[in-house]
Amino acid sequence: MRPSLASRLDDLLRPRGPTGRVLVTGWFSFLDGEVTAGDALAQRAVSAALHRLGIAHDTAWSPAFTPGGLTLEAALPSAYEQLLFVCGPVHGEQLTALHRRYASCRRVAVGVSVVEPDGPAAGGFHRIEARDGPGSAPLPDLATAAPTMSATPVVGVALTYGQGEYGERRHHDSVAGVLLPWLARKDCARVEADTRLAYDGWSHCRTPDQYLSLVGRLDVLVTDRLHGLVLALRAGVPALAVDPVRGGAKVSAQAEVTRWPALLHGEGLTTGLLDHWWDWCLSPAGTAAARRRRARLLADVEAERAHRS
């Protein structure tokens, strides 16, 4: 049986002083690096294991990803006994610069891919536990050991930046200017759910049935499109709809027909209103309301079919 991550770190970080502090780093620490979901989960797994071991530690994040968090620039080498590099490939000038900055620290790496075992990036570590590399058996990626957190909503986004009609009444760009920054701050998984179909474009659905399958797997659809609202309710999914035309137009008309309350108007759109209807759409009441609309639509279709026959 493979030792736990905590026991592996306990061994990897020895020798260590009784009060020595560890700085956790990775590609997520570099200003011009990147943060992948796997990197962030690997950091979470390592941090949880260090907590279990009672090892004092900090994590350095890129300010582009975690504004206000601890950065490499602020993490003074004199404050740390060891540097722990987590996940990703071990190669390149950024790693060698990290070794130079933290030359006074004992430096170890865990869950990394060793690209050049004899290169300066790998050679700068005192110890490495590789997830893969020449001469070593592969290990499971650290992301698999990350603590499970609560699931976040999956939210589709279907916006239009302006169709030809309505002229000066159009508020499409200003609606997007409020919606998109607001959405970026929400704790949710965002999925582009453009209603436009494409024959040969991988990022768009090809058939309406594919689109309905996509929407049916969402928790909510944020949209300023008529068919975004209509197809979300057809799938029994709450729609947070915004009418981007001053005074209301086709989106408002469909909200009226379906008696759907989560409708806002482009003029006077605020984050407070969006937050209110966001909470409602994701509540049991919002989910139940969308499912009632779906049941009513299906009943109307069946009634029409029976009438024709």
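Which residues in α10 are buried?

## Helix α10

In this predicted model, the buried residues of α10 are G286, A289, A290 and R293. An α-helix has 3.6 residues a turn, so residues three or four places apart point the same way. The cover over the buried residues of α10 includes α7 (226-234), α8 (250-258) and α9 (271-281).

Helix α10 runs over residues 284-308, 25 residues in total.

## Nonpolar cores

The largest nonpolar core has 40 residues. Within it, the members that touch the most others are L179, L229, L240, W260, L274 and W278. Helix α5 (residues 172-184) supplies the largest share of this core, with five residues.

## Contacts of L229

When neighbours within four places in sequence are left aside, L229 is in contact with T223, A239, A241, V251, Q254, A255 and W260. Of these partners, W260 is also among the core residues that touch the most other members.

## Q43 in helix α2

Q43 belongs to helix α2, which covers residues 37-53. Is Q43 buried or exposed? Its relative accessibility is 10%, and the limit for a buried residue is under 20%, so Q43 counts as buried.

Again leaving aside neighbours within four places in sequence, Q43 is in contact with V24, F28, T59, W61 and V86.

How values were computed: Residues are numbered from 1 along each chain as its sequence is written. This is a predicted model: local features need pLDDT of at least 70, side-chain atom pairs count only at pLDDT 80 or more; totals for chains, interfaces and linings use all residues. Side-chain values use heavy atoms; hydrogens and water are left out. Helices (H or I, at least four residues) and strands (E, at least two) are DSSP runs, numbered from the N terminus. The expected span of a helix is 1.5 Å times one less than its number of residues. Buried means under 20% relative accessible area, exposed over 50%, partly exposed in between (1.4 Å probe, protein chains only). Contact means heavy atoms within 4.5 Å. A nonpolar core is a set of buried Ala, Val, Leu, Ile, Met, Phe, Trp, Tyr and Cys residues joined through side-chain atoms within 4.5 Å.
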